[in-house]
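Here is a short report on one protein model. Look at the sequence and the structure first, then read on.

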Amino acid sequence: MAENDDDDDTYIDRPNRRKASSKATKAIVAVLLVVSAAIMIIITLGGWGTIEGAKMVQIAFILLYLLMAFLVMRWNRGVLPLAAALAIVLLIFAAVSGPAWFDRDKAGLTSPALDESILGLLCLILVPIQILLIAFAMRGFQQAWNVEVERSSEERRDEDGGGRRGQSAPAPA
């Protein structure tokens, strides 16, 4: 039984992923997720002895943020709304806990490994980072990274000027 050669002549193209704005948005979202996770790691380790019941929540947030950064770098558009939703939750936690860390700088309270004022500042730094993460995640979602177009090899040659992908067309004589 002969195989159909037409299947070999088609490929899936994702035109929105080639746009510079999409590539920039993807990189910014991934960086914001990693920076947020890094700040949360510092806060978690610096305040480990004084954090009461939120240790598992913080570890879960850190792991989720790192996983989402990985998925965003693989052009997974589906995690962008989740990233924005978790950023809203983290923004609220950070906005509430920042002043609470500053209030711990009193006699009689257990001092964390890292100074309370540094932990409070890091929490407050998370607030604008989460606002940026929400904005860029929603921008990435609007860019439709998931759009796929089936193209033939002939269309690829036409786009590339008659040559293979990445090669320029021969100069006219």
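## Overall layout

How many helices and strands make up the secondary structure of the protein? The protein has five helices and two strands. Both are DSSP runs numbered from the N terminus: helices are H or I with at least four residues, and strands are E with at least two. Along the sequence, the pattern reads β-α-α-α-α-β-α.

This is a predicted model, where local features need pLDDT of at least 70, side-chain atom pairs count only at pLDDT 80 or more, and totals for chains, interfaces and linings use all residues. Residues are numbered from 1 along each chain as its sequence is written, and side-chain values use heavy atoms, leaving out hydrogens and water.

## Surface and contacts

The protein has 173 residues, and 35% of them are buried. Buried means under 20% relative accessible area, exposed means over 50%, and partly exposed is in between (1.4 Å probe, protein chains only). The protein exposes about 10,400 Å². Carbon and sulfur atoms supply 62% of that area. Accessible areas come from the Shrake-Rupley method with a 1.4 Å probe; for residues, only the protein chains shown count as cover.

Take the contacts (heavy atoms within 4.5 Å) between residues at least 6 apart in sequence. Of these, 75% join residues at least 24 apart.

## The nonpolar core

A nonpolar core is a set of buried Ala, Val, Leu, Ile, Met, Phe, Trp, Tyr and Cys residues joined through side-chain atoms within 4.5 Å. The largest one here holds 35 residues. Leu33, Met40, Ile43, Tyr65, Met68, Val72 and Leu133 touch the most other members. Helices α1 (20-46), α2 (55-73), α3 (79-103) and α4 (116-142) each supply at least two residues. The most come from α3, with 10.

Leaving aside residues up to four places away in sequence, Val72 touches several others, including Lys26, Leu33 and Trp145.

## Aromatic rings

The structure holds two aromatic pairs. Rings of Phe, Tyr and Trp (its six-membered ring) pair if their centres lie within 6.5 Å; planes under 30 degrees apart are stacked, over 60 edge-to-face, and the rest tilted. Phe61 and Tyr65 have ring centres 6.1 Å apart and planes at 45 degrees, so this pair is tilted. Both residues lie in helix α2, four residues apart. Tyr65 is buried, with a relative accessible area of 0%.

Phe61 is buried too, at 8%. The rings of Phe61 and Phe93 have centres 6.3 Å apart and planes at 70 degrees, so this pair is edge-to-face. Phe61 lies in α2 and Phe93 in α3, so the pair ties together parts 32 residues apart in sequence. Phe93 is partly exposed, at 43%.
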